[in-house]
Amino acid sequence: MNKQLVILSLLLIASFTTAQGQQQQPPPKCAQNASPQQGNCICNPGYWGTNANQGGSCTQCASNTWSAPGTTNTGPSVTAVSACQACALGYYVTVQGSSSSSSPTCTPCGTNSSPAQPQVGSSVQKVSSCNSCMPGYYMTSVANAAVGSEAAAQCSACDASAGATPSAPPQAVGDLSSCNACQPGYFMTTAANVSSKAAAVCSKCPSNSMSQQQTQVGDVSACKCFDPFALPLGTSQKTCACKSSSETPMQAPGGATGCSAPSFGKIISISLGIIISLILYI
Ligand SMILES: *[C@@H]1O[C@H](CO)[C@@H](O)[C@H](O)[C@H]1NC(C)=O
C-alpha cells in the first residue's frame, strides 16, 4: 500500500513535468511574413514561398492578388502563379486566372467595399460582388446587382483610431452598431449598442502584444505577448514583461525570445519535497 502510494506520486510528478516540457517547446523560427502552424512554418495569407522556415522567404502576391495559407502557398513546388490565384479583400476578379499560367486580374471595388471573402479568380465577377465592407467600415448603402446598373456597396469608416470594426456580414445600412467587434490588436471594453446604434468601444493592446479580432467585452488578457515566456497579461499584469526584470520580451511576432524559459529546478525541488514527506509520513 505504502509502496504503491510512492510509485503513484512518482508517476504523477513524471507526467506533470513531461506536460510542462511539451508546453514550453518554443515555436519554430520562421522566415519574415510566415507564421508557425502545427510545428511548421507557413507563409502568411497573401504571400507565397518554397520554404517558410528561417533561411527561406515569403514573397507578397503581386498586383493585389492573394493566397490562402497552407500547402497551396508554401512548399517546394509552389510558384507565384500557383499560389496567388485569388484577389485580395477590396478587389474583384475581372480576368480569370489559371494556376498553371496566369494569376487573375484584380480590380478595386472602391467605396471601401469588398467581397466578404477574398475571391478565387477562376471566374469573372461583376462589381456588385463587392457587397460587403472592408474591415473597419460599416455599410451606408447596399450593392446593386440589377443588370445594367450594377454597383458596389458604399461603406464608411468605423472609428478606426478607436479600433472598432464590423464583425462578419450582414451589416445593416447606416447602423454604427455593426462596428461591433474590435480589430486585431485591440480588446473590447464596451459592446456595440443596437438601440443607440453605437459602435463597440475598444482599447489598444499593450506594446509587444497582439489580440485576435474580439467580438465580446473582455480585458487586457485578450492580448497575448509575442514572447511565449513573458508573464501572461491580466488585470494585475498590464504590460509585457519577463519574470526577470533584466530581460526584455520579444519585440515582434516570430522574433527572438527575450525571456528565458522557466526553470524546472523549482518543480523538481517541490516534487522531491512531496516524495520525502510521503516517505517520512509512511
Ligand atoms: C443602449 O443604448 C440605450 C439608449 O441610449 C440605453 O438606454 C441602454 O442602456 C444602452 N444599453 C447598454 C447595454 O449600454
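In which strand is Ala 164 found?

Figure 1. Ala 164 is found in strand 14, which covers residues 164-165. With 27 other C-beta atoms within 10 Å, Ala 164 is buried, because 20 or more such atoms are required. When neighbours within four places in sequence are left aside, Ala 164 is in contact with Cys 158, Asp 159, Cys 179, Cys 182, Ala 199, Ala 200 and Cys 202. Asn 180 stands 16 residues from Ala 164 in sequence, and their C-alpha atoms are 6.7 Å apart in space.

**Figure 2. The largest nonpolar core and Phe 187.** This core holds 57 residues, among which Phe 187 and Ala 200 touch the most other members. Two or more residues each are contributed by strand 2 (40-43), strand 3 (47-51), strand 6, strand 7 (91-95), strand 12 (137-141), strand 15 (181-182) and strand 16 (186-190). Nonpolar side chains tend to be buried together in soluble globular proteins. Beyond four places in sequence, the contacts of Phe 187 include Cys 182, Cys 202, Cys 205 and Cys 223. Also among them are Ser 203, Ser 211, Gln 214 and Asp 219.

**Figure 3. The hairpin of strand 3 and strand 4.** These two strands run antiparallel and are joined by 3 bridges. Trp 48 stands opposite Thr 59 in strand 4. Between the strands lie 5 residues, and Gly 55 in the turn has a positive phi of about 100 degrees.

**Figure 4. Gln 60 and its contacts.** Gln 60 has its place in strand 4, which spans residues 57-60. With 16 C-beta neighbours inside 10 Å, Gln 60 counts as partly exposed. Not counting residues up to four places away in sequence, Gln 60 touches Gly 46 and Tyr 47. Asn 44 is 16 residues from Gln 60 in sequence, with a C-alpha to C-alpha separation of 8.9 Å.

Figure 5. Strand 6 (residues 86-87) is joined to strand 10 by 2 bridges. In strand 10, Val 120 is the bridge partner of Ala 86.

**Figure 6. Positive phi values at Asn 33 and Gln 38.** Asn 33, a residue other than glycine, has a positive phi near 65 degrees. Asn 33 lies in the loop between helix 1 (2-23) and strand 1 (34-37), and is partly exposed, with 18 other C-beta atoms within 10 Å. Gln 38, also a residue other than glycine, has a positive phi near 50 degrees. Gln 38 belongs to the loop between strand 1 and strand 2. With 6 other C-beta atoms within 10 Å, Gln 38 is exposed.

**Figure 7. Residues 11-23 and the confidence of the model.** Over residues 11-23 pLDDT stays under 50, and the model has 4 contacts for them beyond four places in sequence. Where pLDDT is low, the predicted coordinates should not be read in detail. For the protein, the average pLDDT is 85, and 82% of the residues score at least 70. The protein has 3 helices and 19 strands, and 34% of its 282 residues count as buried. Of the contacts between residues at least 6 apart in sequence, 41% join residues at least 24 apart.

Conventions. Residues are numbered from 1 along each chain as its sequence is written. This is a predicted model: local features need pLDDT of at least 70, side-chain atom pairs count only at pLDDT 80 or more; totals for chains, interfaces and linings use all residues. Two strands pair if DSSP finds at least two bridges between them. Helices (H or I, at least four residues) and strands (E, at least two) are DSSP runs, numbered from the N terminus. A residue is buried if 20 or more other C-beta atoms lie within 10 Å of its own, exposed if 12 or fewer, and partly exposed in between; C-beta atoms are placed from the backbone. Two residues are in contact if their C-beta atoms, placed from the backbone, lie within 7 Å. A nonpolar core is a set of buried Ala, Val, Leu, Ile, Met, Phe, Trp, Tyr and Cys residues joined through C-beta atoms within 7 Å. pLDDT is the predictor's confidence in each residue, from 0 to 100.
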